[in-house]
Amino acid sequence: MSVSLARLLAAALSVAVLPAALAASAAPSGYSQPPKNILDVLHAPSPPVPFVSPTRQAMLLVSWTEYPAMSRVATPFLKLAGARVEIANHSKHDTPGGYGIAPCAQAISLVRLPDGASTPLALPVGACPGEPVWAADGQHFAFANTTHDAVELWVGNAATGALRRMPGVRLNPMLDNGLQWLPDQKTLLVPTVPAGLGAPPPEPVVPSGPSIQQTTGAQGESSTYENRDTLNSPHDEDLFDYYASSQVTLVNTASGSVVLVGKPANHESLDAAPDGRHVLVTRIHKPYSYVTTHERFPREVEVWDIANPAKVGIAKIASIPLTDRVPVAGVPVGPREFSWRQTEPATLVWAEALDGGDWKVDAPQRDKVMLLKAPFTAAPTEVVRLAQRYVGVLWGERADTAVIDEFDENRHWRRGLRVNFDQAKPEAKVVWDLSSDEKYANPGRPVFRRLASGALVMRQDGDAIFLSGLGSSPDGDRPFLDRLDLNTLQSQRLFRSDKTAFERFLAFTGPDNTHFLTWHQTPASPPNALLRTLGATVDAATGEAKFATSAAAITHLPDPTPEVRAIQKRLVKYKRADGLDLSFTLYTPPGYVEGTRVPTILYAYPLDYADPAKAGQVTGSQATFTRLRQYRLLLLAGYAIIDNASFPIVGDPKRAYDSYMDQLVADAKAAVDEAVRLGVADPERVGVTGHSHGALMTVNLLAHSDLFRAGVATSGSYNKTLTPFGFQSERRSVWDAPDVYMKVSPFFYADKLKTPVLIVHGADDANPGTTPLQASKLYEALRGNGGTARLVMLPHEPHWYAAMESNEQLIAEMVSWFDQYVKNAPPHKLAAK
């Protein structure tokens, strides 16, 4: 846990892996950089992201800093029970699971609707704003701003664009990132750093004793965390308590006054009820576990009545014990998934498992849904029992409308059930019922709106709701907007993106349903906002309404990388040897001449399917604005890219990985053969790359096929016996299916793997299963067995690489590796000699 030790290790790693072949092109910092044409595109700003106000009178366009400097990524932090917290300011350093550092906005613009007038916001120098949160009345928005020694609270005025800091407020987002507006639209509920907290507990010079864990013979699975971010000592427990402690605080953004509510504690979450008076508070307490992360620690679930902040009334809802033996992909027993009913002042809803929380257990009903109204003194009421696992509830504007989502892990199946929570024994009416792998018939998700209280509900038009989705089809994704009648379950298509563009619904702009915003892009034009007006005509023959829209541009954002427009892409559909439909997007480099064979790189991520009919469905769109990141930057080095190739692993979810290797090779052969048949790929010069589960795929393909000349595997897991209680959709343990774990692990085939492989990994990867040990042990195995390999450990990086320097190094390494072993590789026969 020592920060200084971590820094020394990182420094050692960075020295050990400095590429000798790239030393001449190394930047002064010691990192390497790719050629200038690639570097220019890598440094280009990313398109902004829209945040539309609840009143639809304005939106914020947020341009994120996609790759911060290493100086920020290397900020000292602690790893405390799955939370990574920066020492100086209590900020959350990383996303859960170690996927990447929390983003900063580099620019924010306020755009008025519908005229599109834009005002850049005057952010303070060196600011690191987080995601903005609108008040329900649309007059203000708030965001957290991370500085060196504090996480500040800032508020913006939607009329003027003026920003101001709330003085004296230091947020503590370690466990709860939320900023929540109360119904008065001027008060924010936030967790803050307790006053007088003092210095963190010092590390003892002499250990107080050994780290001890004990099991008493009880059986129970637990996800594999590999001891990287879990607690390991009494001192770690003290540090967790110090940094997790927060004070529930009310901040009046009009007057600047601050009111403290209750006492400091390890508040995991705060959630205000629609009445603004009651707050659902979840706080963590000891005993802690050294096996799992804080999500499984004991907790108290309470409702606080904050009408009188000086004397808070507390109603205990549930005491949840340590749950460190939850089945993989299962749920804890007892109350879970607490939420407020959005159409009542203060009514709690939650679920409880009926099957022990284990999806492998056969049970007629898996969950029951419970309800409890204020003042929370009565016994909770059972609303309905579900055949499958409760996922959540979507509330309609009307009290009689709610849709419960449930999911079947065994079949990859999901259902939406309409339930009237006010009925004594409500009938659950099916609204949608389909495979979770289904893309073509996916109904989309409801369109929401905020009530004056701030409650979030499905937008309703009588008995109808609106659904927005990707609209996957054999021709690619074509986003849509539908109106669904909940009584007849008949839907009307109001809007669908044209085939030549990728245009998705953003929000309705008024109380009626005739005007709405979309986010529009094409391969040649960056994302921009359009205002669409809906019109209807009646078909004289059928009497059915036909809908059409007109559009007006709201924003006019420029193309940050016009040089990329020379790249062409197309959807390619083909079949696997067993007849399964597959597809990929084929990118060709700038200046490509049709019929010319060029070196080609395949990128894929295997996905598990229960139904072969769903495995071949096309996803993605060729009509999106072309952006180059990570491996796609190889296009600028003269490579074609077989992108997002379909790599389905089809079978019973309980046994899908029995045939993993055969399906993996069949997927790869079908994709490569098709790219060769099209006259683009040179069969003598094909490489492969993948990230995480795709990295496992990459190394397995190099070990079990002769399709590729070289590979690049990033942040992978190569020895599955180190994750003994399951991986991906494989839920059998290594003791239940040892042959499967061995066969899918390329570590055990290192003596046969002679194809060159570049292994890249973040030195601070906390993603369960992909510990950096996986990369170093694979490299050692290849080195010891005479393989051709290179190991690059990126200092301070999590599962996805955050720093600009790290991403420059990654693409420089990929270009150098593939140039040597793919682009300039000798013919197979000559290489074999």
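## Helix 4 and its cover

In this predicted model, the buried residues of helix 4 are covered by parts that include strand 3 (77–80), strand 4, strand 13 (246–252), strand 14 (258–272) and strand 15 (278–284). Eight of the eleven residues of helix 4 are buried, so the helix is largely enclosed by the rest of the structure.

Which residues of helix 4 are buried? They are His235, Asp236, Glu237, Leu239, Phe240, Tyr242, Tyr243 and Ala244. The list includes Asp236 and Glu237. Both residue types count as negative in the charge tally.

Is Gly217 buried or exposed? Gly217 is exposed, because its relative accessible area of 70% is over the 50% cut-off.

Gly217 and Val251 are 34 residues apart along the chain. Their C-alpha atoms are separated by 50 Å.

## The disulfide

How many disulfides does the structure hold? It holds one. Cys104 and Cys128 form it, with their sulfur atoms 1.6 Å apart. The torsion about the S-S bond of Cys104 and Cys128 is about -70 degrees, so the disulfide is left-handed.

Cys104 lies in the loop between strand 4 (83–86) and strand 5 (105–112). Cys128 lies in the loop between strand 6 (118–120) and strand 7 (133–134). The pair therefore ties together parts that are 24 residues apart in sequence. Cys104 and Cys128 are both buried.

## Overall fold

The protein chain has eleven helices and 46 strands. Its C-alpha atoms fill a box of roughly 85 × 80 × 60 Å along the principal axes. Why does the radius of gyration agree with a compact globule? A compact globule of 833 residues would have a value near 28 Å, and the protein chain has 27 Å, so the two agree.

Contacts in the protein chain were counted between residues at least 6 apart in sequence. Of these, 60% join residues at least 24 apart.

## Burial, surface and charge

Of the 833 residues, 57% count as buried. The accessible surface of the protein chain comes to about 33,700 Å². Carbon and sulfur atoms account for 54% of that surface.

The protein chain carries 79 positive and 86 negative charges. The mean positions of these two sets are 2 Å apart.

Notes
Residues numbered from 1 in each chain as written. Predicted model: local features only at pLDDT ≥ 70, side-chain atom pairs only at ≥ 80, totals over all residues. Heavy atoms only, no water. Helix = DSSP H or I, 4+ residues; strand = E, 2+ residues; numbered from the N terminus. Rg over C-alpha atoms; globule rule 2.2 N^0.38 Å. Buried < 20%, exposed > 50% of the residue type's maximum accessible area, 1.4 Å probe, protein only. Contact = heavy atoms within 4.5 Å. Areas by Shrake-Rupley, 256 points an atom, 1.4 Å probe, with all protein chains shown as cover. Charge placed at Lys NZ, Arg CZ, Asp CG, Glu CD. Disulfide = S-S within 2.5 Å.
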